[in-house]
Amino acid sequence: MFLEPTYTTIQLIERCKAGERKAQELLYKQFAAKMLAVCMRYATDRMEAEDMLQNGFIKVFQKVGDFRGEGSFEGWVRRIMVHSSIEYYRKHHKLLQVVDVDEAANEPSVNPVAASNLDARVLMALIQQLAPGYRMVFNLYALEGYSHKEIAAMMDISEGASKSQLSRARNILKEQIAKMEGTSYGYAG
């Protein structure tokens with residue numbers, strides 16, 4: 001049985017910069033599971049997430065020479081995966097109609113007790129059920145920390161559309177949580 005030599009991430013990066021296929025394979029194996037989880041948040045199913053992952057790693061290997069060692073390599077790869085997922089989304093999904101931004105101000109907030117009882121896997125499953133546009137904006141804003149201005153630029157939509165889609169995604173998630181908890185949230189007054 002042949003054992004592969006072990007390399008540090010830095011060594012693998014340098015070998016990838018030199019175009020070594022074996023180093024690319026080892027780097028892929030090191031990060032694929034974590035990055036698939038990132039892609040799953042943006043995909044409608046596992047097959048779509050795997051396509052996003054493959055496209056993302058192609059970009060990683062094409063751009064590895066651009067990595068300057070500032071910040072973590074994993075964070076750099078993650079940003080590429082997010083952007084790759086957005087590109088995939090834009091090619092394969094149409095944007096949904098958006099709700100009026102003024103409606104967002106009148107929305108009730110989620111019950112904190114119900115939300116605290118949610119398992120992370122259940123919440124992720126609920127997010128997966130969102131329509132693609134809502135899911136993309138929700139993930140970019142709530143999980144990745146992008147501003148509406150940044151999301152608008154990435155997705156080629158207006159800031160208002162980003163805010164509307166986030167608002168609608170939150171509403172849908174609140175309704176789903178309420179159904180799971182056996183309650184409903186009504187408007188006060």
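**View 1. Contacts that reach across the chain.** Start with who touches whom: among contacts between residues at least 6 apart in sequence, 68% join residues at least 24 apart. Keep in mind that what you're looking at is a predicted model. Buried residues account for 41% of the 189 residues in the protein.

**View 2. An run of helices.** Count the pieces here and you get 10 helices and zero strands. Follow the chain from one end to the other and the pattern reads α-α-α-α-α-α-α-α-α-α.

**View 3. Helix α4 alongside helix α8.** Here we zoom in on α4, which spans residues 73-92, and α8, which spans residues 132-143. Their axes come within 11 Å and cross at roughly 160°. An angle over 145 degrees counts as roughly antiparallel, so α4 and α8 are roughly antiparallel to each other. As for handedness, α4 passes α8 in a left-handed crossing.

**View 4. The residues where α4 and α8 touch.** Which residues of α4 and α8 make the contact? On the α4 side, look for Val82, Ser85, Ile86 and Tyr89. On the α8 side, they are Pro132, Gly133, Met136 and Leu140. Sort the contact of α4 with α8 by class and you'll find six nonpolar residues, two polar ones and no charged ones.

**View 5. Two cysteines tucked away.** Is Cys16 buried or exposed? Cys16 has a relative accessibility of 3%, so it counts as buried. Cys39 is buried too, and its relative accessible area is 0%. The cut-off for buried is under 20% relative accessible area, and that's why the values for Cys16 and Cys39 qualify.

View 6. Now look at what Tyr7 touches: setting aside its neighbours within four places in sequence, Tyr7 is in contact with Leu12, Arg15 and Leu26. Take Leu26 as one of these partners. Tyr7 and Leu26 are 19 residues apart along the chain, and their C-alpha atoms are separated by 8.8 Å.

Note on methods: Residues numbered from 1 in each chain as written. Predicted model: local features only at pLDDT ≥ 70, side-chain atom pairs only at ≥ 80, totals over all residues. Heavy atoms only, no water. Axes fitted to C-alpha atoms, helices over the stretch in contact; angles between N-to-C directions. Helix = DSSP H or I, 4+ residues; strand = E, 2+ residues; numbered from the N terminus. Parallel < 35°, antiparallel > 145°, perpendicular 65-115°, else oblique. Left-handed = near helix turned anticlockwise from the far one by under 90°. Contact = heavy atoms within 4.5 Å. Nonpolar A, V, L, I, M, F, W, Y, C, P; charged D, E, K, R; others polar. Buried < 20%, exposed > 50% of the residue type's maximum accessible area, 1.4 Å probe, protein only.
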